[in-house]
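Have a look at the fold, then read on.

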Amino acid sequence: MIIGRVHGTVVSTTKSDKLEGLKLLIVMPIDLDTFTEKGQPVVCIDTVGAGEGEVVMCVAGSSARQTSKTENKPADNSIVAIIDHIDWKGKRIFEKFPSKE
């Protein structure tokens, strides 16, 4: 699994019939130690309704085909969660809805 941030969409009018109706998003992996983007962008099938700027959890390989939207689809990467917060090494490093304190 990887944690990443959604940065864009991929639109394709000509594609496999099995990809019809699926939203494709571009995700940049995040390094949890620095909470900065690191590595190459990944195109993922969105299974949870994620949007631009959201921090998401992605799965790859056969796990990407284990959702109701991707079963028996030619998927190698899928977004399976929108992250609310991340606690790492005893510290909160990300919070979607920060406290107003």
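## Overall make-up

The protein chain holds zero helices and eight strands, where helices (H or I, at least four residues) and strands (E, at least two) are DSSP runs numbered from the N terminus. Read from the N terminus, the order is β-β-β-β-β-β-β-β. Along the principal axes, the C-alpha atoms fill a box of roughly 50 × 25 × 25 Å.

This is a predicted model, in which local features need pLDDT of at least 70 and side-chain atom pairs pLDDT 80 or more, while totals for chains, interfaces and linings use all residues. Residues are numbered from 1 along each chain as its sequence is written, and side-chain values use heavy atoms, leaving out hydrogens and water.

## Burial and contacts

Of the 101 residues in the protein chain, 35% are buried, that is, under 20% relative accessible area with a 1.4 Å probe, protein chains only. Contacts are heavy atoms within 4.5 Å; among those between residues at least 6 apart in sequence, 51% join residues at least 24 apart.

Which strand is mostly covered? Strand β4 (residues 42-46) is, with four of its five residues buried.

Two strands pair if DSSP finds at least two bridges between them. Strand β2 (residues 24-31) runs antiparallel to β4, and four bridges join them; Leu24 has Ile45 of β4 as its bridge partner.

Technical notes
Buried < 20%, exposed > 50% of the residue type's maximum accessible area, 1.4 Å probe, protein only.
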